[in-house]
Amino acid sequence: MRMQLNAKVFAVAVLSCALVIAAAAGSASGLGSRSSKKQTITVWQFWSGFAVGLGPLQKKLDAEFEARNPQYTVNDVPISFTQMGTKLTAAIAASSGPNVVSVFPGVAGAAYRNGLIPLQGFLKPADRKNWRLLNIAAGPGGDILAIPWTEYGYFVYYNKALFKQAGLNANNPPKTWAQFMAACKALKAHGITAISGGFKDGYEWEWWAYPLLDQLMSPSVTKRWLQYDYPITSPEFTTAWTAIKNLAPYYAKDAFGLNLYNDAYNNFNSGKAAMVLDAPLLSNVVGAQKALGTANLGVFAVPRLPGSHYPPFVDAGPNSGWSITKWTKDTAGAWAYIKWMESKEAQSLAWSMAHLIPNNAQVATPTSNAAFKSILTAIKNPLSHTIYVGFPVSVLAINERYAGEMITGKASIDSVLKQMEQLRTTLKPKIVG
Amino acid sequence: MSVTAAPGRTGGELWGRVRARTQPVLAALPYVAPLIVAAALVVLAPALWGLSRSVFNWQPGSASPYVGFDNFRLLADSTTFRTILVNEGVYLLGLPIWTILPLLISVFLFTRVRFAGLIRTLIFLPAVVSPALLGIMFTPILAPSGLVNTTLRSAGAGGLAHAWVDDPSLVKPTIIVLLAWANVGLGVAIFTAALTSIQPEFLDAAAVSGATSWQRIRYVILPGIRRTLILWMTFQALGVFLWLFGLIFALTAGGPGNSSTSIDYDIFTNTITNGIFGVGAAESVYLLGMVIAIAVIAWVIGRQWSHD
């Protein structure tokens, strides 16, 4: 009996050991170990959720990478943008998660610096020459924690027919803020909703904020801002936020309860409003052209505010960025993936499949679309830049939560900016070090 | 337990008394020890570890310098934290509704309704829905163009249609009503169980003496179920601080602004979204203080009622 019992105990002990070893082997899969021949690169990315059609592009890019690097398999994990910060923070706390991850460059990336490795050491002179936007990639400590990937630009799209209906010159869109407000007023006077928007998800507010802050921040202030050395309670923010608040009468009455994604686009495309602010994706332009007619869709840069420090330009920056996590042991493999995504071949594919604007200067962007041409020209303007990479995502989240209340006047701009500054200050040790 | 020798007693007697008292505890110890060890390892140790981190700029996997009470001060000075405390206070105003509604229904079903079992079962159904699912379920229902407003408009009561969870002045009352709906079934079940413990003779005697319905409730039923009542109210009050996360996360994400943020949701935001783990730990300490305060208040009230 005792012998049988001992045998059972022994069997259980062996089984337990086997399970522990198996579990350990499982946890060491992917780029955490070089034990197996075919390695898995786990990629967490949010950008493919920005629009329909980007998912297939990500799959195609992964397949091309695997074809060129047969020793690697890509495990693509699409994560919604709103969830990414939470998931990445949890992964960093656990020191376990993806090998490559979508992170915005600059301050936004520095917020995760405990879990990301500096990438400037990987960059070759040719990369520095060909990959645009590296100049805004470094965080306050000087480390590049995310490599910028593809470009966007903020523009106002407008329905020429509705402009004409309001007695406006459809071929001469507003260039200054005063002209823009006058156009909004004229549209409203003719019973037309001037701007299609939605403040529930909060993005609409910050999409206006970036191009306005770009103008109001002098070059020296911009530099301080990107180094995490300029408070949100400064006059530039109050001016920009007030200008946005003053747009309230020109939105539809229910705009505070609508989302930018996708209510605002749907309403604009169905002719319910004369203008919509849009940024990242030319695929939205294609959608609007299909809905309203190519000749009927106009585009102009966000108008110049009084006090702008620059001649006309647009807010343009990276769509997202790529980072490597600290727990990734085979960093060469992870870097190979990023290098592929930045390559001429990959970005040519992104342009041809989804009209993603490349940040690789070697990539040609042939197009016969007049709107595309003007957008591409404005984005490549050397003056075009962005300050959005100076915001930690969680600070922006406060503004997103209050956007609906601010536009309806239920929350004061000052109190929201103070809350944002409070969190920005709290995060300083984490971001700057 | 005091082990000081009482005057006139020998050491042997005292030892005997101590042994008599401790022996049953020691005999039971081997049976409960695994549970105590497991609880200590799985619940107590991580909780204490988390709480101890409140005095550090806690960055898991990185240097976490000692910051004293900075995290506590930061929260005390934070307008967001103050808003959240106000929110918690407003949510607590739902306590009478969450208590009286199930109590009245259970008394009503207990005394005078046929098919009471079936009705109780139907009422209980919302209690099986998790808070997060409740939030997901009610998001489209309470949206500006959702089921509630559409129904009101089509019934000609468009004036009653509101932005239930998008208006900062309405979101908390809406959540209170939603919680009343979600919890009423469980309350009815618990109060019904308590009502069955009241001896029928008391109710009969009250009826024979000509007591009105209200008098029967006031002088027979309420005293008979007061322990259950206190327990229920304590759980509901604790729920305001500990169990709102799932509903808030799925329904409002704390908004609009911070007008519906609860403290458990904010701990999640500070810790996991903002990555300021030390502040999250300090907020947990505040939360612990609030929970202890509620438990003490409930205990004091309970004792007082027992002595009445």
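Of the 308 residues in chain B, 28% are buried, a residue being buried if 20 or more other C-beta atoms, placed from the backbone, lie within 10 Å of its own, exposed if 12 or fewer do, and partly exposed in between. The model is predicted: local features need pLDDT of at least 70, side-chain atom pairs count only at pLDDT 80 or more, and totals for chains, interfaces and linings use all residues. Residues are numbered from 1 along each chain as its sequence is written, while chains are lettered from A and ligands numbered from 1 in the order in which they are written.

**Chain B**

Chain B contains 14 helices and 0 strands; helices (H or I, at least four residues) and strands (E, at least two) are DSSP runs, numbered from the N terminus. The radius of gyration of chain B is 25 Å, whereas a compact globule of 308 residues would have one near 19 Å. This radius is taken over C-alpha atoms, and the globule rule is 2.2 Å times the number of residues to the power 0.38. Along the principal axes, the C-alpha atoms of chain B fill a box of roughly 85 × 75 × 30 Å. Among the contacts in chain B with a separation of 6 or more, 66% join residues 24 or more positions apart; two residues are in contact if their C-beta atoms, placed from the backbone, lie within 7 Å.

**Chain A**

Chain A is divided into domain 1 (36-151 + 317-376) and domain 2 (155-313 + 392-432), with bounds that come from an automatic or database domain assignment. The C-alpha centres of these two domains lie 27 Å apart. Their contact takes 21 residues from domain 1 of chain A and 19 residues from domain 2 of chain A. On the domain 1 side, α15(A) gives the most, with 4 residues.

Strand β4 (residues 147-153) of chain A has 7 of its 7 residues buried. It pairs with strand β9 (residues 316-324) of chain A in the antiparallel sense over 6 bridges; two strands pair if DSSP finds at least two bridges between them. Gly153(A) has Ala316(A) in β9(A) as its bridge partner.

**Two contact sides compared by class**

The contact between the chains takes 31 residues from chain A and 24 residues from chain B. On the chain A side, the largest share, 9 residues, comes from α17(A).
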